[in-house]
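Please read this short report with the sequence and the 3D view side by side. It goes from the overall fold to single contacts.

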Amino acid sequence: MKSRIQYNAEFVRNNYDRISLQVPKGYKEKLQIEATLRGFKSLNAFIVDAIEKQCDLDLRKKTDRE
């Protein structure tokens, strides 16, 4: 029987891609504060939203290129 941790790890592995992002020291904390002030649940959600707006995309939708 799989534990909840194993199930969650497998789900993430099968449903998400990981992108590593490097920013200068101190930026992460500033971005986390900004995300919270703007009502985002996570820094990840804030970054994805910023990318979508900058590129005029909706990354939740499938595209013809996929």
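The sections below cover the fold, the surface and the charged side chains.

## Ground rules

This is a predicted model, where local features need pLDDT of at least 70, side-chain atom pairs count only at pLDDT 80 or more, and totals for chains, interfaces and linings use all residues. Residues are numbered from 1 along each chain as its sequence is written, and side-chain values use heavy atoms, with hydrogens and water left out.

## Fold and overall form

The protein has 3 helices and 0 strands. Its pattern along the sequence is α-α-α. Helices (H or I, at least four residues) and strands (E, at least two) are DSSP runs, numbered from the N terminus.

The radius of gyration is 15 Å, while a compact globule of 66 residues would have one near 11 Å. This radius is taken over C-alpha atoms, and the globule rule is 2.2 Å times the number of residues to the power 0.38. The C-alpha trace spans about 40 × 35 × 25 Å along its principal axes.

## Surface

Of the 66 residues, 5% count as buried. Buried means under 20% relative accessible area, exposed over 50%, and partly exposed in between (1.4 Å probe, protein chains only). The protein exposes about 7,000 Å², and carbon and sulfur atoms supply 52% of that area.

Tyr7, Phe11, Val12 and Tyr16 make a nonpolar surface patch of about 430 Å². Patch residues have over 30% relative accessible area and no salt bridge; nonpolar side chains (Val, Leu, Ile, Met, Phe, Trp, Tyr) are joined within 5 Å, like charges within 9 Å. Tyr16 sits in the loop between α1 (4–15) and α2 (27–37). Tyr16 is exposed, at 55% relative accessible area.

## Charged side chains

There are 14 positive and 10 negative side chains, and the centres of the two sets lie 7 Å apart. Lys and Arg count as positive, Asp and Glu as negative; His and the chain ends are not counted.

Side chains of opposite charge can pair when their charged atoms come close. The whole structure holds 3 salt bridges. A salt bridge is a side-chain nitrogen of Lys or Arg within 4 Å of a carboxyl oxygen of Asp or Glu. Lys2 meets Glu10 at 2.3 Å, N to O. Lys2 is partly exposed at 47%, and Glu10 is partly exposed at 30%. Glu34 pairs with Arg38, with their closest N and O atoms 2.7 Å apart. Arg38 is exposed at 57%. Asp49 meets Lys53 at 3.1 Å, N to O. Both lie in helix α3 (residues 43–55), 4 residues apart, about one turn of the helix.

How values were computed: Accessible areas come from the Shrake-Rupley method with a 1.4 Å probe; for residues, only the protein chains shown count as cover. The place of a charge is taken as NZ of Lys, CZ of Arg, CG of Asp or CD of Glu.
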